[in-house]
Amino acid sequence: MTQPGTEPNPLRVAIVGSGPAAFYAADHLFKQPGLTAEVDMFDRLPTPFGLVRGGVAPDHQKIKSVTKSYDQIAANPHFRFFGNVEFGKHVTLSDLRGHYHQILYATGAQTDRRMGIPGEDLEGSHPATEFVAWYNGHPDYHGLKFDLSQERVAVVGIGNVAIDVARILCLTPEELAKTDMADYALEALSKSKVKEVYLLGRRGPAQAAFTNPEVKEVGELADADAVVRPEEAELDDLSRAELQKINDRATVKKVEILQGYARRGPGGKTRKLFIRFLVSPTELTGDGNGRVSKMRLVKNVLVATDSGTISPKATDQFEELPVGLVFRSVGYRGVPLPEVPFHERWGVILNETGRVLDPDSKQHRVGEYTSGWIKRGPSGVIGTNKQDSVETVACMLEDLAKGSILQPARADAASAGARDAIAIIVDFELAQRNLAAARSYLHALEEPPEALARARQPQYFSYADWLKLDALEIEKGKASGRPRVKFTCVAEMLKAIGR
């Protein structure tokens, strides 16, 4: 048998997950000169694209246009998509090892970190990821309810997800109606009674993790004022010195925008978005019925650590913030996959530059790799995953060259294209003589992953199924002048494509 990676013997790669990191890895494999790779992508949802579909804010359609490049990758004849197929349930690690030379995990960071304060589990206190998934129409979250009759909401955290949540809560019904937000969320948010939103950061404006376009955007909302306290917008000596040292123009501009909000003050709009700095929640208290009613905040100062970083330190100054709804967005972590080594404290798959490590020996597990947020943690933007996946694929190619790959029993099965060609021969030469033998022969030649998916999950989605669903959503959106109207439950998706 020839070395995997040739036309007669393609390199067979399974990718678990279908977000940006997954597609960038597939693309880099396909672009390798002289390498023939066949990529099968598995996702537990029928729809691909991960957080681009389920996490990017519905009013940020330009960002979502990146999926056009993913469609081009998926059009490669050596690519297949198996949606609605869950790793650990419909296919196992043993299954993948039996069919592929290499396995890549790219499942993202799907859950929130906790604040670790009293009252965090009171009614009305939620992970931000649940709210984001809800308004984006994620099938797992479409049945959730959020009490939008509350007038005051706190969003804990100061990254892009946190500011997205705060902005969505401040949009007018007219602004919401231009998005691809789930219909049920559009209706609920259009009736929202929210008047004040508090975006809370434990450090200062120079350390805010949201990007400049995000913070600029909240200053241009139709009916919400962005409000910053002048004293909290001013840089402390440590932040000023650090900014001068690193000469980061983007951060300088961010601080200038925030200080501009502090100078201009409220503009008389219906809603207010208060962007706070140097405060940390210490406790949530309830109203006697188990529902959050107040948040206790401690004032922070910034101090230099032994490692040279700037960190918040609590003071003895406290304040109480009356709020009836809380969303935490203080960091994200991955979810462990069955039989795959996981670092609990870091919330990522245990790995070294993308190679999965055995937790006992700390040696690379042959043929197993990871990319994206489940590899490095929740950092960067969509494009950051491209270089991350390039790094991982480089490791995969190095290992291929050394012969350090899995030796699957069924990797030499005919490719989809070869199977079609052989089917013609079988039909012509065998069927006339022995129909039963012909059928048996064709069954043996069937691609193992396709047969496996069909046997374990008959309702799996191919990429052609997704494209059909995609076209239906876009067509539904045209009637109301929206980018698309999403299907938000798996049963509806299956019905829509005729299953």
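**Exercise 1. Which residue stands opposite A14, and in which strand does that residue lie?**

A14 stands opposite I103, which lies in strand 4. The structure is a predicted model, in which local features need pLDDT of at least 70 and side-chain atom pairs count only at pLDDT 80 or more, while totals for chains, interfaces and linings use all residues. Residues are numbered from 1 along each chain as its sequence is written, and side-chain values use heavy atoms, with hydrogens and water left out.

Step 1: take the two strands (DSSP E runs of at least two residues; helices are H or I runs of at least four). Strand 1, residues 11-16, and strand 4, residues 102-105, pair (at least two DSSP bridges) in the parallel sense over 4 bridges.

**Exercise 2. In what order do the strands of the 6-stranded open sheet follow one another, and what is the sense of their pairing?**

Step 1: the 6 strands follow the order 6-14-7-8-10-9, and the pairing is parallel. Strand 6 (125-127) and strand 9 (224-228) stand at the edges with a single partner strand each, which is why one side of each is left without a neighbour in the sheet. On average, and with direction ignored, neighbouring strands of this sheet are turned by 20 degrees against each other.

Step 2: look inside the sheet. Strand 7 (residues 152-156) pairs with strand 14 (residues 325-328) in the parallel sense over 4 bridges, and V153 has L325 of strand 14 opposite.

Step 3: Helix 7 (residues 160-170) lies across strands 7, 8 (196-200), 9, 10 (271-276) and 14, and runs at about 175 degrees to strand 8.

**Exercise 3. At what angle do helix 6 and helix 9 pack, and how far apart are their axes?**

Step 1: helix 6, residues 128-135, and helix 9, residues 183-190, pack at an angle of about 110 degrees, and their axes are 7 Å apart. This angle makes helix 6 roughly perpendicular to helix 9 (a term for 65 to 115 degrees).

Step 2: list the residues in contact. Helix 6 contributes F131, W134 and Y135, whereas helix 9 contributes Y184, A185, A188 and L189.

**Exercise 4. Which residue of strand 13 is the bridge partner of V298?**

Step 1: strand 12 (residues 292-304) pairs with strand 13 (residues 310-322) in the antiparallel sense over 10 bridges, and within this pairing the bridge partner of V298 is F318.

Step 2: follow the chain between the strands. Strand 12 and strand 13 form a hairpin with 5 residues between them, and G308 in the turn has a positive phi of about 95 degrees.

Definitions and conventions. Axes fitted to C-alpha atoms, helices over the stretch in contact; angles between N-to-C directions. Parallel < 35°, antiparallel > 145°, perpendicular 65-115°, else oblique. Contact = heavy atoms within 4.5 Å.
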